[in-house]
Amino acid sequence: MQEATLSSLRAFPQQLQQFYEAVPAEYVRWTPASWEGIPSETFTAIEQICHVRDIEIDGYHVRFRRLLEQDRPELESIDGYQLAIERRYAEASASDVFEVIHRAREKTVALLESLDAHQWTRRGYFEGYGHVTVKSLAHYLCSHDQQHLAGIQWLLGQIDSNSNQ
């Protein structure tokens, strides 16, 4: 596995928390007039971090485990918008969410760092992505991280534009 990807995966929770903490408190549940151009799902700042938490645990933890334990499993996609409703993301406590994100990512990185060369090549099929290996799934997780860092930066841009009118 590329060290750059593992390094990015390790650093992500702290980066996400720093970006989130840059959002003024009165804007953590704010929605812009238009979502045009957002590089992630159309979630408020608090919803962004809840989504990251749940996709890490209910998505990537499950997918990595299934790839490692099953022969060519089919990996389901998760409806993040449905989870947001069911789990009431808008009511979440950011400190609680970040506590879980940090622990979950430590678990992910520890798993990835423990793999041997053969395990990285185990294959499956990921709904919406096609054929994957453990290694490609790690890249997709890193990509997902970057989308949500960008989503919060995009929200910060919208907040700044909104507050300076």
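Which residues lie nearest the centre of the largest pocket? I looked this up before anything else. The model is a predicted one. Nearest the centre I found Glu41, Ile55, Ser77, Tyr129 and His144, out of 14 residues that line the largest pocket. Two elements give two or more residues to this lining, helix H2 (45-69) and helix H6 (134-163). I noted a volume of about 230 Å³ for the largest pocket. By class, its lining holds 6 nonpolar, 6 polar and 2 charged residues.

Next entry: the second largest pocket. Its volume is about 160 Å³. I listed the lining as His61, Phe64, Arg65, Leu68, Glu69, Lys107, Thr108 and Leu111. Which element supplies the largest share of this lining? I found that H2 does, with 5 residues. Helix H4 (94-113), like H2, supplies at least two residues. I sorted the lining of the second largest pocket into 3 nonpolar, 2 polar and 3 charged residues.

Last entry: Leu16. I placed Leu16 in helix H1, which covers residues 3-21. Is Leu16 buried or exposed? I count Leu16 as buried because its relative accessible area is 0%, and the cut-off for buried is under 20%. Leaving out residues up to four places away in sequence, I found Leu16 touching Ile49, Val52, Phe98, Ile101, Leu149 and Ile152. I also looked up the spacing of one of these pairs. Leu16 and Val52 are 36 residues apart in sequence, and their C-alpha atoms are 9.5 Å apart in space.

Definitions and conventions: Residues numbered from 1 in each chain as written. Predicted model: local features only at pLDDT ≥ 70, side-chain atom pairs only at ≥ 80, totals over all residues. Heavy atoms only, no water. 1 Å grid on protein atoms, 1.4 Å probe; cavity = no way out; pocket = protein on both sides within 12 Å on 5 of 7 lines; lining within 4 Å. Points joined across faces, edges and corners; volume = space filled by probe spheres on them. Helix = DSSP H or I, 4+ residues; strand = E, 2+ residues; numbered from the N terminus. Nonpolar A, V, L, I, M, F, W, Y, C, P; charged D, E, K, R; others polar. Buried < 20%, exposed > 50% of the residue type's maximum accessible area, 1.4 Å probe, protein only. Contact = heavy atoms within 4.5 Å.
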